[in-house]
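Let's take a walk through a protein together. Please keep the sequence and the 3D view at hand as you read.

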Amino acid sequence: MEAATVAAALGFLLLAGVGGSSVDEAREETVVRALVVASGAAASRGQLPPASSPGDAHPSPHSNNGLELQKTESLRRNWWPSSPIEISSLPPVTYSTPASTCRYRYYQNVCTQSYSFVWWDWARWEKEIDWMALNGINLALAWNGQEAIWQRVYLALGLTESEINEYFTGPAFLAWGRMGNLHTWGGPLSRFWHLKQIYLQHRILDRMRSFGMIPVLPAFAGHVPKALTRVFPQMNVTRLSSWGHFNCSYSCPYLLAPEDPMFPLIGSLFLWELIKEFGTNHIYGADTFNEMQPPSSQPSYLAAITTAVYEAMIAADPDAVWLLQGWLFQHQPEFWGPDQVKAVLRAVPLGRLLVLDLFAENQPVYSRTDSFYGQPFIWCMLHNFGGNHGLFGSLEAVNQGPRAARLYPNSTMVGTGIAPEGIGQNEVVYTLMTELGWRKDPVPDLVAWVTGFADRRYGLSQEDAKEAWKLLLRSVYNCSGKACVGHNRSPLVKRPSLKINTTVWYNRSDVFEALLLLLKAAPNLTTSLAFRYDLVDITRQAIQEMVSLYYEEVKISYRKKDLILLLQAGGILAYELLPVLDEVLATDKRFLLGSWLEQARAMAVNETEAQFYEQNSLYQLTLWGPEGNILDYANKQLAGLVEDYYAPRWRLFLETLAGSLAQSIPFKQKEFDKNVFQLEKSFVLSKKRYSSQPQGDTVDLTKKVFLKYYPRVVNGSL
Ligand SMILES: *[C@@H]1O[C@H](CO)[C@@H](O)[C@H](O)[C@H]1NC(C)=O
Ligand SMILES: *[C@@H]1O[C@H](CO)[C@@H](O)[C@H](O)[C@H]1NC(C)=O
Ligand SMILES: *[C@@H]1O[C@H](CO)[C@@H](O)[C@H](O)[C@H]1NC(C)=O
Ligand SMILES: *[C@@H]1O[C@H](CO)[C@@H](O)[C@H](O)[C@H]1NC(C)=O
Ligand SMILES: *[C@@H]1O[C@H](CO)[C@@H](O)[C@H](O)[C@H]1NC(C)=O
Ligand SMILES: *[C@@H]1O[C@H](CO)[C@@H](O)[C@H](O)[C@H]1NC(C)=O
Ligand SMILES: *[C@@H]1O[C@H](CO)[C@@H](O)[C@H](O)[C@H]1NC(C)=O
Ligand SMILES: *[C@@H]1O[C@H](CO)[C@@H](O)[C@H](O)[C@H]1NC(C)=O
């Protein structure tokens, strides 16, 4: 504590001269205003928020004023652009005591910021925060603009602007920069980026606070830019190992030793500057070892570094509570034995660490750590990795999970949460989970619940639509066992090889039958935007199933050396199914690569920046790193992406296989990988513009696709 106090004093002195000065603030505000007006965004919506001061907006920990709206069926609002609310009149709102059984209803994953929110403007944020409010979310990350604050701190510590620019990742990869996994990749961040993020963060915070939500701000986790060792050669740092197949040009962060006097200094400098800019609600997120192997498994080391992070927090805010993603414990269970977990959890006073049991529907940690050794935790459903499309969910496990955790002996559960890496898919799963935040017990009858969901979703009760949802519930949404991991592993979205496992946990014919039922219900539902979304999505899934079936044919024909069969099955896969999928997706704005990239462009101040942001986005969707380091992890099914990325590589694969059969030479995966990488890379670098206007009619086209392929599926005569 002594060191922290000294550091605190020092910090004030250092910071007095930089970014936080009123001259800078005024200049910044002017620039942001100019930007906002220039881009037309939100210009009419008013003023920049006043800079809030520390101490603003402290809701008492036990009030959730503003969130006590009784949830009525008609007010429950669908998520994302999939279905804007369509109600003619609002029902009378009655205030009642909250029915929720837990203190917190949490939302977000550090990764959601990059996979889904990265290019959002205020208008989109506003919608999201409305959605959060209507579903009773009262604890959520508010992590925009933190790099701008770090920039001030690093400048104060003596780094040059170019050293700082070299450190930050690009916008689409900030989540992993923030967790210490990456640096540099996809960067730099422009000055305009920082300004816009500060502006956004103010608006986000104002709105969250006005609803009584607790925004979680970031804190220092111990990772530092290499350049700091130039300024402070005595600094004791350890270089961690690489992450995600990235080399040390982009990974292997420097971690500060817990005993180093710079630890509390940097940590509290950052928090002061952050609080000065944004105020605080006293809950802070920091992840030191997220998917990163600590330099030592000694409990004393783990306790020391945890203590260092916490003490730097309380040096700046004595009321600080630390929100920790519990992902590390289940990600590397071989490292995190009971002694290691205990060392981390017990290093912080009980009640001052709030742990997210991040993937609790699948691999809960509370049950193997005696409920986090007494620290409070939030039962979170993670559900989705990388924002993949693909119908998927384990509704039974989700439904049962929170109660089981609450009833666990000496449970310290204090909330429920949703922590998807990416949103914009499988809305039914999130609807169930947000409802569970308000229930003491599971939904008694999931079949009845899902038919009710169909009624509410489409605004009209239709028998066929309800039957369709029952089939989806018992198939794609009733995942259990090893096959269900939340990634889309369909050959459609993977780099071709002869070794893709196409096993699924459900009977594929349920997807086709569900589509048939939805098409039957279509005449009465065509005006529902949610229905049209589902029609595209389920047709997309049906085509994905067919791609798997034809892929298996390709494998068999190659093994049998049957060139004719190979060309037939492969031809359908690459020259029929993928083009028709692209066409179906193109009928809906919500499935266009063009719409996706339009958001990125809109964030830019000029054409150079627009192309740079587009490229960041395209890398994330495909190669992820410069060499396909985390290839296709964040795959999506979007018109444009299917036609120009997935289809060409399947065509190359089939040509290569056919060539190898024709010439009787074995297929060489390594050589193919090298060739296909050139296609993948040229897609990312192509600078092609994609339309953000839909084309064609969803209902007509999905019907045609169905009529063409359904008989083959039923006859098993693909
Ligand atoms: C890391 O990979 C990048 C891009 O592939 C390359 O340019 C760089 O030289 C590599 N760095 C190291 C340290 O190997
Ligand atoms: C540097 O930090 C490590 C890890 O905390 C510690 O073991 C080591 O003794 C420190 N070295 C010095 C020179 O202080
Ligand atoms: C629950 O806590 C009580 C009091 O600390 C303790 O006596 C008891 O053994 C605990 N039960 C379990 C199952 O851990
Ligand atoms: C989901 O599958 C389990 C078996 O794994 C079964 O007991 C349960 O009834 C199924 N639920 C639904 C809604 O079909
Ligand atoms: C394919 O995946 C399923 C489900 O995960 C698994 O049971 C099966 O063993 C896998 N097949 C092969 C050949 O690896
Ligand atoms: C899948 O469902 C279809 C149609 O309901 C049925 O004919 C088939 O036997 C089922 N397959 C399996 C493996 O259960
Ligand atoms: C449309 O809805 C009406 C009223 O629910 C129903 O009578 C009719 O059968 C529906 N039409 C179709 C094609 O489902
Ligand atoms: C475009 O914006 C970037 C910042 O991202 C800036 O460096 C560059 O100078 C600008 N170019 C033009 C032509 O204004």
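The paragraphs below go from the whole chain to its sheets and then to its helices.

A few ground rules come first. This is a predicted model, in which local features need pLDDT of at least 70 and side-chain atom pairs count only at pLDDT 80 or more, while totals for chains, interfaces and linings use all residues. Residues are numbered from 1 along each chain as its sequence is written, chains are lettered from A and ligands numbered from 1 in the order in which they are written, and side-chain values use heavy atoms, with hydrogens and water left out.

Let's begin with the overall picture. The secondary structure of the protein chain comes to 26 helices and 11 strands; helices (H or I, at least four residues) and strands (E, at least two) are DSSP runs, numbered from the N terminus. Of the 718 residues in the chain, 60% are buried, where buried means under 20% relative accessible area, exposed means over 50%, and partly exposed lies in between (1.4 Å probe, protein chains only). Among contacts with a separation of 6 or more, 78% are between residues 24 or more positions apart; a contact means heavy atoms within 4.5 Å.

Now for the sheets. Strands of a sheet pair through backbone hydrogen bonds, either parallel or antiparallel. Two strands count as paired if DSSP finds at least two bridges between them. In what order do the eight strands of the barrel come? They close in the order β1-β2-β3-β7-β8-β9-β10-β11, with parallel pairing. From one strand to the next, the twist averages 30°.

Five of its six residues are buried, so β11 is largely enclosed by the rest of the structure. Four bridges join β11 to β1 (residues 104-107) in the parallel sense, and here Tyr104 has Gly415 as its bridge partner. β10 (residues 377-381) also pairs with β11 in the parallel sense, over five bridges. Trp379 stands opposite Thr416, and Met381 is partnered with Ile418. Helix α16 (residues 427-436) lies across β10 and β11, at about 160° to β11. Such angles run from 0 to 180 degrees between N-to-C directions, using axes fitted to C-alpha atoms, for helices over the stretch in contact.

There is also an open sheet of three strands, in the order β4-β6-β5, with antiparallel pairing. β4 (223-224) and β5 (237-239) stand at the edges with a single partner strand each, so one side of each has no neighbour in the sheet. Three bridges join β5 to β6 (residues 254-256), and Val237 stands opposite Leu256.

Finally, turn to two helix pairs. The axes of α18 (residues 463-474) and α19 (residues 509-525) come within 8 Å and cross at roughly 155°. That makes α18 roughly antiparallel to α19; angles under 35 degrees count as roughly parallel, over 145 as roughly antiparallel, 65 to 115 as roughly perpendicular and the rest as oblique. The contact includes Leu471 and Leu472 of α18 and Leu517 and Leu518 of α19. By class, this contact has nine nonpolar, no polar and six charged residues. Here Ala, Val, Leu, Ile, Met, Phe, Trp, Tyr, Cys and Pro count as nonpolar, Asp, Glu, Lys and Arg as charged, and the others, Gly among them, as polar.

The axes of α21 (residues 563-586) and α26 (residues 698-715) come within 10 Å and cross at roughly 150°, and the two are therefore roughly antiparallel.
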